[in-house]
Amino acid sequence: MCHSDYGIEMATFWDLLYKDRTIDIPFYVELAKESSPPVLELGCGTGRVLIPIAKEGVNIIGCDNSPNMLCVAQDKADALSPSIREKIRLIESDMRNINLGERFGLIVMAFNSFSYLLTLVEQKNALEKVFDHLQKGGRFVFDILNPEQGRYTDRHSGTASFLKLSGREWKNPNTGNRVVEWFSRSYNLADQVMHEIQIWEEAAIDNTSLKRYYRDRRQRYFFRYEVEHLLENIGFALEAVYGDFSCGPVTPTSTQFVFVARKRS
Ligand SMILES: C[S@@+](CC[C@H](N)C(=O)[O-])C[C@H]1O[C@@H](n2cnc3c(N)ncnc32)[C@H](O)[C@@H]1O
C-alpha cells in the first residue's frame with residue numbers, strides 16, 4: 001500500500017492519463033514564442049506543456065515541487081536532440097517560496113496547478129513570487145477549472161463522498177497489469193476546498209486485486225472574480241480572461257478560466 005499526491009505512481013501514469021489533453025498546448029506554445037525568453041513554467045510536472053515549448057526553440061525553465069514528476073520530465077528531455085534538450089532547465093522548488101534571481105518575459109502555470117494553493121496566504125505568496133520574477137511588462141498566464149462546470153459541480157451532492165469507479169482504466173507500463181480507478185470526494189464549502197481520495201487498483205488477468213495505491217489530495221476551487229481581485233491586489237493588470245484556449249470569452253458553459261495578467265511597465 002502506497003500513499004502519494006504527486007508521488008511516483010502519479011508521475012508514472014500522468015502522461016498516459018492525460019495523453020489526450022492537447023487542447024492547451026498550442027495556446028501556451030504561441031504565448032511562449034511571442035515572449036522574450038526565457039519562459040518559466042511553475043508546476044511543470046512531467047513537461048507535458050514545457051517540452052512542446054522547448055521544441056519550438058524557446059528556452060524554458062520548469063519548476064515543480066515533486067521530484068517524481070520532474071524525474072519523468074528529465075527523462076523526456078534527455079531523450080530529445082541536444083539542441084532541444086539544452087533549451088530546458090528543470091528545478092525542484094516550491095512556487096510559494098521560489099527564488100531564481102532571474103526575471104522572465106512570461107510565466108505560465110498550466111492545467112490547474114494554481115488550485116494546489118489552498119489558502120489565501122499561499123495564493124498571495126505564490127503570486128508575489130510570480131510578480132517578483134516577471135520583467136516589467138511581462139505576462140503571467142494560467143488556467144484553472146470553472147467550478148460551475150465539470151469536476152467540482154458535485155460539491156452540493158450528498159453522494160459525492162461515496163467511493164465509486166471513475167470509468168478510467170489503463171495499463172501500468174511497468175507491469176502490464178490493468179489499473180482501475182476509484183474515487184471519492186468531500187468538500188469544505190466554507191473554505192472552497194475539495195478533498196479527493198483516489199484508489200488505483202492493479203488487477204490480475206482473473207480480476208484479483210494485486211495492489212492498491214492511495215492518492216489523497218486537496219484542491220481549492222476558485223470563482224472568476226475572486227481571482228481577478230487577487231491578481232489586481234498583487235499589482236497585476238488583468239489583460240484578459242478567456243473561457244477556452246482559443247481566446248473565446250467566458251460563458252456559462254466554459255470549463256475553465258484562462259487568466260492573462262501583466263506586470264505594468
Ligand atoms: C495538475 S498538475 C499540472 C502539471 C503540468 N503543468 C501539466 O500541465 O501537465 C500540477 C503540478 O503542480 C505541481 N505543484 C503542486 N503544488 C506545487 C507547489 N507548491 N510548487 C511547485 N509545484 C507544485 C505538482 O507537483 C504537479 O506537477
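View 1. Leu70 is buried, because 24 other C-beta atoms lie within 10 Å. A residue is called buried when 20 or more other C-beta atoms lie within 10 Å of its own, exposed when there are 12 or fewer, and partly exposed in between, with C-beta atoms placed from the backbone. Please keep in mind that this is a predicted model: local features need pLDDT of at least 70, side-chain atom pairs count only at pLDDT 80 or more, and totals for chains, interfaces and linings use all residues. Residues are numbered from 1 along each chain as its sequence is written. Leu70 sits in helix 4, residues 67-78; helices (H or I, at least four residues) and strands (E, at least two) are DSSP runs numbered from the N terminus. Leaving aside neighbours within four places in sequence, Leu70 is in contact with Asp64, Leu90 and Glu92, where contact means that the C-beta atoms, placed from the backbone, lie within 7 Å. Ile91 is 21 residues from Leu70 along the chain, and their C-alpha atoms are separated by 7.9 Å.

View 2. Domain 1 covers 2-147 + 223-263 and domain 2 covers 150-220, with bounds that come from an automatic or database domain assignment. Taken over C-alpha atoms, the centres of the two domains are separated by 24 Å. Across the boundary, 17 residues of domain 1 are in contact with 16 residues of domain 2. On the domain 1 side, the elements that give two or more residues are strand 1 (2-4) and helix 1 (8-17). Helix 1 gives the most, with 6 residues. That side of domain 1 divides into 10 nonpolar, 5 polar and 2 charged residues.

**View 3. The largest nonpolar core.** What does this core consist of? It has 58 residues, of which Val39, Leu50, Ile53, Ile60, Ile107 and Val108 touch the most other members. Such a core is a set of buried Ala, Val, Leu, Ile, Met, Phe, Trp, Tyr and Cys residues joined through C-beta atoms within 7 Å. Strand 6 (residues 134-145) gives the most to this core, with 6 residues. For a look at one member, Leu50 touches Glu41, Cys44, Ile60, Gly62, Ala73 and Ile88, not counting residues up to four places away in sequence.

View 4. Phe27, Tyr28 and Ala32 are buried in helix 2, residues 25-33. Seen down the helix axis, the buried residues fall within an arc of 130 degrees, so they line one face of helix 2; the arc is that of the directions from the helix axis to the C-beta atoms. These buried residues pack against strand 2 (39-42), helix 3 (50-55), strand 3 (60-64) and strand 5. In the loop between helix 2 and strand 2 lies Pro38, joined to Pro37 by a cis peptide bond with omega about -5 degrees.

View 5. Most residues other than glycine have a negative phi, and most peptide bonds are trans. Asn207, not a glycine, has a positive phi of about 75 degrees, and Cys247, also not a glycine, has one of about 65 degrees. Asn207 belongs to the loop between strand 9 (193-203) and strand 10 (209-220), and it counts as exposed because it has 9 C-beta neighbours inside 10 Å. Cys247 is in the loop between strand 11 (236-242) and strand 12 (256-263). With 12 C-beta neighbours inside 10 Å, Cys247 counts as exposed.

**View 6. Glu102 in its loop.** Glu102 lies in the loop between strand 4 (88-92) and strand 5 (104-109). Is Glu102 buried or exposed? Glu102 is exposed, because 10 other C-beta atoms lie within 10 Å. His133 is 31 residues from Glu102 in sequence, and 6.3 Å separate the two in space, C-alpha to C-alpha.

Note on methods:
Two residues are in contact if their C-beta atoms, placed from the backbone, lie within 7 Å. Ala, Val, Leu, Ile, Met, Phe, Trp, Tyr, Cys and Pro count as nonpolar, Asp, Glu, Lys and Arg as charged, and the others, Gly among them, as polar.
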